[in-house]
Amino acid sequence: MDPRLEKLAKVIVQYSAKVEAGQLVRITGSTVTEPLMIAIYREVVRAGAHPEIAIVPDECKRIMLEEGSDEQLSYENPLLLHAVDTIDCSIGLWGQKNTKALSSISPQKSALQSQARKTYFKKFLGRAADGSLNWVGTQFPCDSSAQDAEMSLSEYEDFVFRGGFLNEEDPVALWKKLSVQQQKLADFLMTKKEIRFVTPQGTDLTLGVEGRKWINCDGHENFPDGEVFTGPIETATQGIVKYSFPAVHGGRESDGIELTFKDGRVVDAKASKGEDFLIAMLDQDAGARVLGEIAIGTNYAIQEYSKNTLFDEKIGGTFHAAVGASYPESGGTNESGLHWDMVCDLRQGGQIFVDGELISENGRFLNPEFPQPLT
């Protein structure tokens, strides 16, 4: 086993999830994630907690979406609802043999399944917000994700571990340092009313954020991490955002996405690829056309686009905006079966204005106390 996997498992259990003795810890992933799952299972046992494994083969997901009836796709599984009410910690491992396995699935079927998880998603986010459920998700470096990123497996492994500071002697110390910088940025934003993103490529998006809480994401929910986010005021988003990279959701990809907002809602949506899928996702319920999250990427150890949202939304010098459900801890109130993060690059002339003040240019913060590129 790559010793960095063991290091990752320790950071996930001890730092990210903060697993304690006596807790019930659910570990989920596909069969391809088994090496990391075993390493995390061992660390959970060593922490004195009670691990529960849930392995879902990739093919089972496809069978349900391809052959399941509308009734089956819409089924709210009571076992999953019981689990989200019962577990103390959820550790999700991401990785699959074929990231394109669901590309031919009907968008309407994907939307039905998304709606079936709406109650589960609301319960999960609610418990996370009140602090009764710790959760973290991380990527297992596998061949399919390496292919998406157009890297060899060894290059992709280096990319994944570098993004989590796992090549460093004490990764937790670096996460704590980034946490301090991000908190200063979050505290600054907490007192502001409006944030605006502008790029030479055509983005000009203004969001109302007065009274909303900016969250410091420092490796406790996503790993690797590196962002600050909030739930924007649901009726106050105006303008156009042209996303820089393909956006992947549920194994389906849309590219060249352009969204136009008026009074908080998407009133026009375009895509050069996967437009039908994009529209189907936006039309699945009343909240899907509202932004549930606005965030600034602050992890300068991640600079390459990899077609994996976990990493791409953290790229230092980007921002991302998610249509759909808000995270309640941010003060956002939007509800939806959808939460789809899409990333916009600021490193080629982009600017961030806060209450009219320029705070970032070309992907770099002007205040040296805010997150900065690694030296």
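Let me start with a term: by contact I mean heavy atoms within 4.5 Å. Helices (H or I, at least four residues) and strands (E, at least two) are DSSP runs, numbered from the N terminus. What you see above is a predicted model, where local features need pLDDT of at least 70, side-chain atom pairs count only at pLDDT 80 or more, and totals for chains, interfaces and linings use all residues. Residues are numbered from 1 along each chain as its sequence is written, and side-chain values use heavy atoms, with hydrogens and water left out.

So, on to α9. Which of its residues are buried? They are Y156, F159, V160, F161 and G163, where buried means under 20% relative accessible area, exposed over 50%, and partly exposed in between (1.4 Å probe, protein chains only). The cover over them includes α1 (3-16), β4 (134-139), α8 (143-148), α10 and α12 (309-312). Just past the end of α9, F165 has a positive phi of about 60°.

Follow the chain along with me, and E168 sits in the loop between α9 (153-163) and α10 (171-190). Its relative accessible area is 40%, so E168 is partly exposed. Beyond its neighbours within four places in sequence, E168 touches K7 and L174.

Now into helix α10, where we find Q181. Is Q181 buried or exposed? Buried, because its relative accessibility is 18%. Setting aside neighbours within four places in sequence, Q181 has contacts with E369, F370, P371 and Q372.

One last stop, friends: E357 lies in strand β19 (residues 357-361). With 42% relative accessibility, E357 is partly exposed.
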